[in-house]
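Here is a short report on aromatic rings and their partners. Look at the structure first, then read on.

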Amino acid sequence: MKILILLILLSSQLFAIELFQTKHTESHVWISGSKISLVPPKDFTPAQNFSGFENRSTFASIMLNEIPTSVDNIVGNLTPEALLKQDVKLIKIDTLKINGYKGVLVEGRQTAYGKDFTKYILIFGDDSKTIMINGAHQTQLNQSDEIKKSILSVYYDSDRIIDPLEGIKFSIDVSNTKFKFANTMSGTVIYTVDGQVPPQSEDKSMLMVSNSIGSGDMELNKGFAIERMKNLPVKTFVNENEVIEVEINGLKGYELISYQDPEKNINDFTYMIMLFDETNYYMIIGIAIDDVDTNHELYKSIARTFKLK
C-alpha cells in the first residue's frame, strides 16, 4: 500500500552514470523472503513489520520493495509533478548501474509524522522486475552516510532459492479456492486467479493481505477502518450501517463491503476486514468485478483463516 510514496521519488532528469560492482560478504545480511542482501548500518536489526532493517530508537529504516515490471516503465511513468503532489523536495538524482542492472539513486526530503526525513531511494532492475530500496532517517540525526553506504552495498542473487512468505508475520489459507499466490509487495501478500500481477485471466478477482508498518498515534477503531477503506485507490461507497464487528483467531476488528456507486448498479465491489492488535492493524482486501454474492462469501470464508504466526 505504501509503494506509491516510494515511486514518486523519481525525476526524469538524468546525470552521469555511476558503476557499482558488489559482492556478498560475511557482513551482508539477507532480507527475509528475498534475493537481496546488504550490509545494514550499526544498530539496525531485521524489521518487524516490513522487508528490510530498522533502528527503532531513531525511527530510521531501510525498506525493500520488489515490483514485477520493467524498471523503464517505472521511470517513464513518473514526473516531477507527481513528486510535488507528495510534498517531497527532490535534492539530487543520479543514474547508475548495480552489477549491470540499470537504475537511479534519489535523494529527497519529506515531512512525515511531524518530523523532517531524508530519503535515499535506490531503484534498479531490468525488463521484468524493479527493485526499490528506500532508506529514511530523521534529517536532524544525520545518518545519511551510513544509510547511503548500506543501500549501495546491495547484492542481488537471481539464483537464490527463497520462500517469498518467509518474512511475513501472518498466514491465510487459500487452498481449495480459485486463488493462487502471485507476489509480495511492500509487505502485502497478493493472490490472483492465475498467479499473475496484474491478473491476465478473464477473472480479475484479487485478494490482498497486509499489515501496517506501525499505527503511530492513530486510534484504531471503527471510524479508522471506514476512513481507511474510503482511502483505498479504488472508488468506493461505504454504507457505514453495514459495518460488522468481527473477531478472528483472537483479533478483533471490522468487516466492510463497498461498491462503486451507492445504488449497487455496478458489479465492481471491494471487501475488507481490518483487524487490530495492541500496536498494529491488518487488512484483508478482496476486489472483484462480477459474481458479487459468490465472491463475497469466498472472501469471508478465506478471511476467517487469518492468523498471526
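Predicted model: local features only at pLDDT ≥ 70, side-chain atom pairs only at ≥ 80, totals over all residues.

Residues are numbered from 1 along each chain as its sequence is written, and side-chain values use heavy atoms, with hydrogens and water left out.

A pair of aromatic rings is described by the distance of the centres and the angle of the planes. Rings of Phe, Tyr and Trp (its six-membered ring) pair if their centres lie within 6.5 Å; planes under 30 degrees apart are stacked, over 60 edge-to-face, and the rest tilted. The whole structure holds 10 aromatic pairs.

| Pair | Centre to centre | Angle between planes | Type |
|---|---|---|---|
| F179 and Y299 | 5.9 Å | 25 degrees | stacked |
| F269 and Y299 | 6.1 Å | 50 degrees | tilted |

F179 lies in the loop between β12 (170-171) and β13 (180-185), and Y299 in helix α6 (residues 292-303), so their pair ties together parts 120 residues apart in sequence. F269 belongs to strand β19 (residues 269-276) and is 30 residues from Y299 in helix α6. Helices (H or I, at least four residues) and strands (E, at least two) are DSSP runs, numbered from the N terminus.

Y299 is buried at 0%, and F269 is buried at 1%. Buried means under 20% relative accessible area, exposed over 50%, partly exposed in between (1.4 Å probe, protein chains only).

Ring pairs join F179, F269, Y271 and Y299 into a cluster.

Elsewhere, the charged end of R160 sits over the ring of W30, 4.0 Å from its centre. The term requires NZ of Lys or CZ of Arg within 6 Å of the ring centre and within 35 degrees of the ring normal.
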